[in-house]
Amino acid sequence: MKKAWLYSAAICAMLISGCGLTDTPNELMRAPAADGDQQSINQAVMQFLPPGSQLTVPLRPDESSAVSLQDLTGDGSPEVTAFYKTEKTDYEIGVLILSQQQGNWAKLASFTGIGSELDYVRFVDMTGDHIPEILIGFGGGDDLNKELSVYHIEQGNLRELLKQTYSVMAVGDLTGDNLADLAIVLHDHNELTSQVQLYGADHGKLGKLTELAIDGGVNGYEQAIIGKASATQPGLFIEAGLGAHSASTELLVWDNGQLRDPLAKIDGQIDLTFKPYPLYSEDINDDGIIEIGISTQPPGSEDLPMAAVPWISSYYRWDGAKGLIHVEDHYQNYGNGMDFRIPAKWEGKYTVEVGQQTDSPPIRLLYYDEAAGKKAELLTLQAVPQKSRESFEAGLKQKHVPYVLLKEEGTQVHVAILPQESPEWNASALQEYKAMLLSPDEIRKLYRPLRARL
């Protein structure tokens, strides 16, 4: 089924200046222009939106748009769906669906949902008939449960298939039948109970496949995604907030018609996915398999307060049984949007230190032999304000300091500074240190701008 997304500055200009409902200018660029007669679609949206309306962009997923084209009836002709808010109330989201009739756009359906924000929008086949349903999540703000509605268009009429409260949710093929499943995580703060409900195609309808009680004593659930947990097994990864800042990840897999937690904590044993700070699961190395993130403390930083520790982002893959396999480490700095993958040859022999400067502190990656008390610079990463770039580079060149420009666009420039001198160590230690040094090409391959969290 062909899918195209539409959300352009042209629509905003033609409607009203109200595109300011989007959180940032980047929201306007979440999707490319759609195929088809864009001018006709612009005019149709403008014609049918209530006076004083403002388009609103769903918070999730990233590719969502305020206006989309999608064949919702299976006739080969796409419908237009637009999401908006009006000046009348801050707690109502409007939905407008247009279809083509005899070459002209006409209103097929319109309705409103209760919520101050549009949390989630997805068009996906949930019943197995190859025609997508509309999944819309309405939210009321942080720490409040949300409400999901699933709609289907049948014979020109809009029908609600499901209405369900949720904390977080995920869509994907969890059962391995090549059809989309819907996982809803619901946490009751008052009763301290939580459960996962799994919905999917059931004899041509959307039905509940199973449910499972999970830890209700958490602070809350923050994210859920469905993806490969191994080369052959899909998994549901659920991120939970625990204490003031600690977190853990719940992994659920489909096993003989039920959900199962292969990493379930055994009484008296440590939680394998516990982390002092949240670090969401993702496919960190682009191999198609989701890794679980765990914040780990670099050696030598044990005396620092937690907030000052330059935490390492360590990523692990489920081993297919009851354990985790280490995949790779990253140093990720959310303040400057920098992500540096730690090379395998550094493992067990490095640490991280961050300078005390309040403005663009340098991040020093060091060779570290705790037993021998040896420490030497391997690489320094620094974010420099764009306005200071010329003078910063001039200073490095004047001192003949070798460096690599990693990111040049935006408000900050990312720079990697290479060490100038080797430490005065014995031959064996010096050889190990030099083997860990990186070439400019290696540095470029290990660096990337930090991916935005979902």
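Strand E9 (residues 146-154) and strand E10 pair up in the antiparallel sense over nine bridges, where strands (E, at least two residues) and helices (H or I, at least four) are DSSP runs numbered from the N terminus. This is a predicted model, so keep the cut-offs in mind: local features need pLDDT of at least 70, side-chain atom pairs count only at pLDDT 80 or more, and totals for chains, interfaces and linings use all residues. Residues are numbered from 1 along each chain as its sequence is written, and side-chain values use heavy atoms, with hydrogens and water left out.

**The sheet around E9 and E10**

- These two strands belong to an open sheet of four strands in the order E7-E8-E9-E10, with antiparallel pairing; two strands pair if DSSP finds at least two bridges between them.
- Strand E7 (117-124) and strand E10 (157-166) sit at the edges with a single partner strand each, so one side of each has no neighbour in the sheet.
- From one strand to the next, the twist averages 20°, using axes that are lines fitted to C-alpha atoms (for helices over the stretch in contact) and angles from 0 to 180 degrees between N-to-C directions.
- Within the pair, Leu148 stands opposite Gln164 in E10.

**Salt bridges**

- Side chains of opposite charge can pair when their charged atoms come close.
- Counting a side-chain nitrogen of Lys or Arg within 4 Å of a carboxyl oxygen of Asp or Glu as a salt bridge, the tally is 17.
- One of them joins Lys163 and Glu147, with the closest N and O atoms 3.6 Å apart.
- Lys163 is in strand E10 and Glu147 in strand E9, so this pair ties together parts that are 16 residues apart in sequence.
- Both ends are partly exposed, which means a relative accessible area between the buried limit (under 20%) and the exposed one (over 50%), with a 1.4 Å probe and protein chains only: Lys163 comes in at 43% and Glu147 at 30%.
- Another salt bridge links Asp286 and Arg451 at 2.8 Å, N to O.
- Asp286 lies in the loop between strand E18 (258-260) and strand E19 (292-296), and Arg451 in the segment after strand E28 (447-449), so the pair ties together parts 165 residues apart in sequence.
- Asp286 counts as exposed at 55% relative accessibility, while Arg451 is partly exposed at 33%.
- Salt bridges that share partners also join Glu147, Glu160 and Lys163 into one network.

**Helix H3**

- Helix H3 (residues 389-398) has Arg389, Glu393 and Leu396 as its buried residues.
- Looking down the axis of H3, these residues fall within an arc of 60°, so they line one face of the helix; the arc is that of the directions from the helix axis to the C-beta atoms.
- Over on the other side of H3, Glu390, Ser391 and Gln398 are exposed.
- The cover for the buried residues of H3 includes strand E25 (374-385), strand E26 (403-407) and strand E27 (412-417).
- Just after H3, His400 takes a positive phi of about 60°.

**The chain as a whole**

- The chain has five helices and 28 strands.
- Of its 454 residues, 49% count as buried.
- Its C-alpha atoms fill a box of roughly 85 × 55 × 40 Å, taken along the principal axes.
- Among contacts (heavy atoms within 4.5 Å) between residues at least 6 apart in sequence, 49% join residues at least 24 apart.
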